[in-house]
Amino acid sequence: MNITVVAYDPNWPEVYLQEEHAIQSILQDELVSSFHIGSTSVPNLQAKPIIDILLVVNDINKLDDYTAHFEELGYEVMGEFGIAGRRYYRKGGDDRTHQIHAFQYDHIQEIERHLAFRDYLRQNPDICKTYGELKSKLAKQYPTDIDGYSVGKDGFVKKIEKEALKWHWRHR
């Protein structure tokens, strides 16, 4: 996988909405809510051009019944993929375009972590800028090494996640 970080694209929200509509048509009543998360959901943040989608569903195990439907949309079905209670899907192969992270409605910790991080970056332009610069630097340093790229930003992300969760609870 080639790692490319690009300037924010104002079309990303629309790309998310198109995919959200396709997913809603599949899941219908099983879907509680969906959210655009990740770097493409934060205006002005440099990002890998991959739309991250958070699905909140009634019963995580029932998502396994929709495997063929997700595959018809072009997704590779990855199961939990390292996070217990999650279902992970990716689209686009080596040139990934979308990722879905699905959790059952009561898996609050993971749901809140993703939303708090997104919202915190949206409200803190200086931190957003620093994060974008770090990602851009790491993409140049590790253009084909997703592990190196991920490890390089891990400390920053964990620090910001802690701040974001505290901020989230103060501003509810």
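User: What makes F117 count as buried?

Analyst: This is a predicted model, and in it F117 has a relative accessible area of 14%. Buried means under 20%, so F117 counts as buried.

User: And what makes Y131 buried?

Analyst: Y131 has a relative accessible area of 3%. The cut-off is under 20%, so Y131 is buried.

User: Why is the pair of F117 and Y131 called edge-to-face?

Analyst: The ring centres of F117 and Y131 are 5.8 Å apart, with the planes at 85°.

User: What sits over the ring of Y131?

Analyst: That's the charged end of K135, 4.9 Å from the ring centre. The distance part of the rule asks for within 6 Å.

User: How many aromatic pairs does the structure hold?

Analyst: It holds 7 aromatic pairs. One of them is F70 with Y89, whose ring centres are 4.2 Å apart.

User: Why is the pair of F70 and Y89 called stacked?

Analyst: Their planes are at 25°. Under 30 degrees counts as stacked, so F70 and Y89 get that name. F70 lies in helix α2 and Y89 in strand β4, so this pair ties together parts 19 residues apart in sequence.

User: Are F70 and Y89 buried or exposed?

Analyst: Buried: F70 is at 0% relative accessibility and Y89 at 1%. F70, Y75 and Y89 also form one aromatic cluster.

Notes:
Residues numbered from 1 in each chain as written. Predicted model: local features only at pLDDT ≥ 70, side-chain atom pairs only at ≥ 80, totals over all residues. Heavy atoms only, no water. Phe/Tyr/Trp six-rings, centres within 6.5 Å; stacked < 30°, edge-to-face > 60°. Helix = DSSP H or I, 4+ residues; strand = E, 2+ residues; numbered from the N terminus. Buried < 20%, exposed > 50% of the residue type's maximum accessible area, 1.4 Å probe, protein only. Lys NZ or Arg CZ within 6 Å of the ring centre and 35° of its normal.
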